[in-house]
Amino acid sequence: SHIATVRDVLADLGAAAIPELLALNKQDSADPIRLHRLLALHPEALAFSAATGEGIDALVERIGSSLAKRMHNVTLMIPYERSDILSILWREAEVLHEEHGEDGIAIRVRVPERRASLVHEFLTDKPPPQS
(Lines give C-alpha, C1' and ligand atoms only; values in the text may rest on other atoms or scores of the structure.)
Protein backbone atom coordinates (compact mmCIF):
# COMPACT_ATOMS: atom_id res chain seq x y z
CA SER A 1 0.00 0.00 0.00
CA HIS A 2 1.02 3.63 -0.41
CA ILE A 3 0.87 4.13 3.35
CA ALA A 4 3.32 1.29 3.99
CA THR A 5 5.65 2.64 1.29
CA VAL A 6 5.68 6.11 2.85
CA ARG A 7 6.33 4.62 6.29
CA ASP A 8 9.22 2.56 4.85
CA VAL A 9 10.77 5.68 3.33
CA LEU A 10 10.39 7.58 6.61
CA ALA A 11 12.05 4.70 8.46
CA ASP A 12 14.93 4.73 5.94
CA LEU A 13 15.36 8.45 6.64
CA GLY A 14 15.46 7.81 10.40
CA ALA A 15 12.10 9.47 10.97
CA ALA A 16 10.11 6.41 12.06
CA ALA A 17 9.95 7.61 15.68
CA ILE A 18 8.40 10.96 14.77
CA PRO A 19 4.69 11.05 15.68
CA GLU A 20 2.36 10.46 12.75
CA LEU A 21 -1.07 11.74 11.84
CA LEU A 22 -2.65 9.96 8.91
CA ALA A 23 -4.86 12.46 7.07
CA LEU A 24 -6.89 11.31 4.08
CA ASN A 25 -7.70 14.14 1.66
CA LYS A 26 -10.38 14.22 -1.07
CA GLN A 27 -13.14 12.96 1.22
CA ASP A 28 -15.59 14.72 -1.11
CA SER A 29 -14.57 12.75 -4.22
CA ALA A 30 -13.24 9.46 -2.79
CA ASP A 31 -15.02 6.19 -3.32
CA PRO A 32 -17.09 5.91 -0.11
CA ILE A 33 -16.49 2.15 0.23
CA ARG A 34 -12.73 2.53 -0.16
CA LEU A 35 -12.68 5.48 2.26
CA HIS A 36 -14.69 3.51 4.82
CA ARG A 37 -12.29 0.54 4.42
CA LEU A 38 -9.24 2.81 4.93
CA LEU A 39 -10.76 4.37 8.04
CA ALA A 40 -11.58 0.91 9.40
CA LEU A 41 -7.97 -0.20 8.84
CA HIS A 42 -6.60 3.03 10.32
CA PRO A 43 -9.04 4.19 13.05
CA GLU A 44 -6.60 6.94 14.12
CA ALA A 45 -6.82 8.53 10.64
CA LEU A 46 -8.87 11.59 9.78
CA ALA A 47 -10.66 12.11 6.48
CA PHE A 48 -11.08 15.63 5.15
CA SER A 49 -11.63 17.61 1.98
CA ALA A 50 -9.41 20.55 1.12
CA ALA A 51 -11.89 21.46 -1.63
CA THR A 52 -15.01 21.70 0.57
CA GLY A 53 -13.40 22.26 3.97
CA GLU A 54 -15.22 19.27 5.46
CA GLY A 55 -13.16 17.73 8.26
CA ILE A 56 -10.60 20.56 8.34
CA ASP A 57 -11.66 21.72 11.82
CA ALA A 58 -11.15 18.21 13.23
CA LEU A 59 -7.76 18.01 11.51
CA VAL A 60 -6.61 21.35 12.94
CA GLU A 61 -7.87 20.36 16.40
CA ARG A 62 -6.02 17.01 16.26
CA ILE A 63 -2.79 18.71 15.16
CA GLY A 64 -3.13 21.30 17.94
CA SER A 65 -3.73 18.73 20.67
CA SER A 66 -0.85 16.60 19.40
CA LEU A 67 1.51 19.58 19.49
CA ALA A 68 0.29 20.63 22.94
CA LYS A 69 1.22 17.21 24.32
CA ARG A 70 4.80 17.83 23.24
CA MET A 71 5.06 21.26 24.86
CA HIS A 72 5.98 21.92 28.47
CA ASN A 73 5.24 25.03 30.53
CA VAL A 74 8.38 25.98 32.43
CA THR A 75 9.71 28.96 34.35
CA LEU A 76 13.33 29.83 33.69
CA MET A 77 15.90 32.31 34.94
CA ILE A 78 18.11 33.20 31.99
CA PRO A 79 21.27 35.22 32.79
CA TYR A 80 21.67 38.29 30.60
CA GLU A 81 24.89 36.91 29.12
CA ARG A 82 22.93 33.94 27.67
CA SER A 83 21.15 35.88 24.94
CA ASP A 84 21.66 32.80 22.73
CA ILE A 85 19.12 30.91 24.86
CA LEU A 86 16.67 33.81 24.73
CA SER A 87 16.94 33.93 20.94
CA ILE A 88 16.12 30.23 20.70
CA LEU A 89 13.16 30.61 23.06
CA TRP A 90 11.72 33.55 21.12
CA ARG A 91 12.11 31.58 17.89
CA GLU A 92 10.99 28.10 18.99
CA ALA A 93 8.87 28.44 22.14
CA GLU A 94 5.77 30.35 23.13
CA VAL A 95 6.78 33.09 25.55
CA LEU A 96 3.99 33.51 28.12
CA HIS A 97 5.60 36.09 30.42
CA GLU A 98 8.94 37.81 30.75
CA GLU A 99 10.32 39.97 33.56
CA HIS A 100 13.73 41.63 33.70
CA GLY A 101 15.46 41.40 37.06
CA GLU A 102 18.83 42.05 38.61
CA ASP A 103 20.34 38.64 37.75
CA GLY A 104 18.66 38.00 34.42
CA ILE A 105 15.31 37.45 32.82
CA ALA A 106 12.59 35.42 34.53
CA ILE A 107 10.63 33.91 31.70
CA ARG A 108 7.63 31.57 31.55
CA VAL A 109 7.47 29.62 28.30
CA ARG A 110 5.84 26.69 26.58
CA VAL A 111 8.88 24.93 25.24
CA PRO A 112 8.92 22.04 22.76
CA GLU A 113 9.85 18.71 24.31
CA ARG A 114 12.89 18.47 22.01
CA ARG A 115 14.31 21.65 23.58
CA ALA A 116 13.80 20.60 27.23
CA SER A 117 17.44 19.58 27.68
CA LEU A 118 18.59 22.97 26.37
CA VAL A 119 16.80 24.89 29.14
CA HIS A 120 17.08 22.35 31.98
CA GLU A 121 19.91 24.21 33.76
CA PHE A 122 17.83 27.41 33.84
CA LEU A 123 14.71 25.90 35.47
CA THR A 124 13.32 27.64 38.53
CA ASP A 125 10.30 26.87 40.65
CA LYS A 126 9.34 30.51 41.11
CA PRO A 127 7.01 31.70 38.38
CA PRO A 128 7.34 35.39 37.47
CA PRO A 129 4.46 37.60 38.66
CA GLN A 130 1.64 37.86 36.16
CA SER A 131 0.98 41.35 34.89
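## Strand E5 and its partners

Glu99 has Ala106 as its bridge partner in strand E5; helices (H or I, at least four residues) and strands (E, at least two) are DSSP runs, numbered from the N terminus. This is a predicted model, in which local features need pLDDT of at least 70 and side-chain atom pairs count only at pLDDT 80 or more, while totals for chains, interfaces and linings use all residues. Residues are numbered from 1 along each chain as its sequence is written, and side-chain values use heavy atoms, with hydrogens and water left out.

Six bridges join E4 to E5, and the two strands run antiparallel. Two strands are taken to pair if DSSP finds at least two bridges between them. E4 and E5 form a hairpin with three residues between them. Elsewhere along this pairing, Glu98 stands opposite Ile107 in E5. E3 and strand E5 (residues 104-112) also pair in the antiparallel sense, over nine bridges. In that pairing, Thr75 has Arg108 of E5 as its bridge partner, and Ile78 stands opposite Ile105 in E5.

The three strands form an open antiparallel sheet in the order E3-E5-E4. Strand E3 (71-79) and strand E4 (94-100) are the edge strands, each pairing on one side only. Neighbouring strands of this sheet are turned by 15° against each other on average, direction ignored. Axes are lines fitted to C-alpha atoms, for helices over the stretch in contact, and angles run from 0 to 180 degrees between N-to-C directions.

Helix H4 (residues 83-92) packs on the sheet and touches E3, E4 and E5; contact means heavy atoms within 4.5 Å. The direction of H4 makes about 40° with that of E5. Seven of the nine residues of E5 are buried, so E5 is largely enclosed by the rest of the structure. Buried means under 20% relative accessible area, exposed over 50%, and partly exposed in between (1.4 Å probe, protein chains only).

## Nonpolar cores

The largest nonpolar core has 13 residues. Such a core is a set of buried Ala, Val, Leu, Ile, Met, Phe, Trp, Tyr and Cys residues joined through side-chain atoms within 4.5 Å. The residues with the most contacts inside it are Leu76, Ile78, Ile85, Leu89, Ile107, Val109 and Val111. E3, H4 and E5 each supply at least two residues of this core, and the largest share, four residues, comes from E5.

Val109 is in contact with His72, Asn73, Val74, Leu76, Leu89, Ala93, Glu94, Val95 and Leu96, leaving aside its neighbours within four places in sequence. A second, separate core has six residues, among them Ile3, Leu24, Leu35 and Ala47.

## Two loop residues

His42 lies in the loop between helix H2 (32-41) and E2. With a relative accessibility of 16%, His42 counts as buried. Not counting residues up to four places away in sequence, His42 touches Ile3, Arg7 and Leu22.

Gly55 is found in the loop between strand E2 (46-47) and helix H3 (56-69). Its relative accessible area is 25%, and Gly55 is therefore partly exposed. Apart from neighbours within four places in sequence, Gly55 is in contact with Ala47 and Phe48. Gly55 and Asn25 are 30 residues apart in sequence and 9.3 Å apart in space, C-alpha to C-alpha.

## Overall architecture

The secondary structure of the protein comes to five helices and five strands. Along the sequence these follow the pattern α-β-α-β-α-β-α-β-β-α. The radius of gyration is 21 Å, well over the 14 Å that the globule rule gives for 131 residues, so the protein is more spread out than a compact globule. This radius is taken over C-alpha atoms, and the globule rule is 2.2 Å times the number of residues to the power 0.38. The C-alpha trace spans about 65 × 35 × 20 Å along its principal axes.

Of the 131 residues in the protein, 24% are buried. Among contacts with a separation of 6 or more, 50% are between residues 24 or more positions apart. The protein exposes about 9200 Å², and carbon and sulfur atoms supply 56% of that area. Accessible areas come from the Shrake-Rupley method with a 1.4 Å probe; for residues, only the protein chains shown count as cover.
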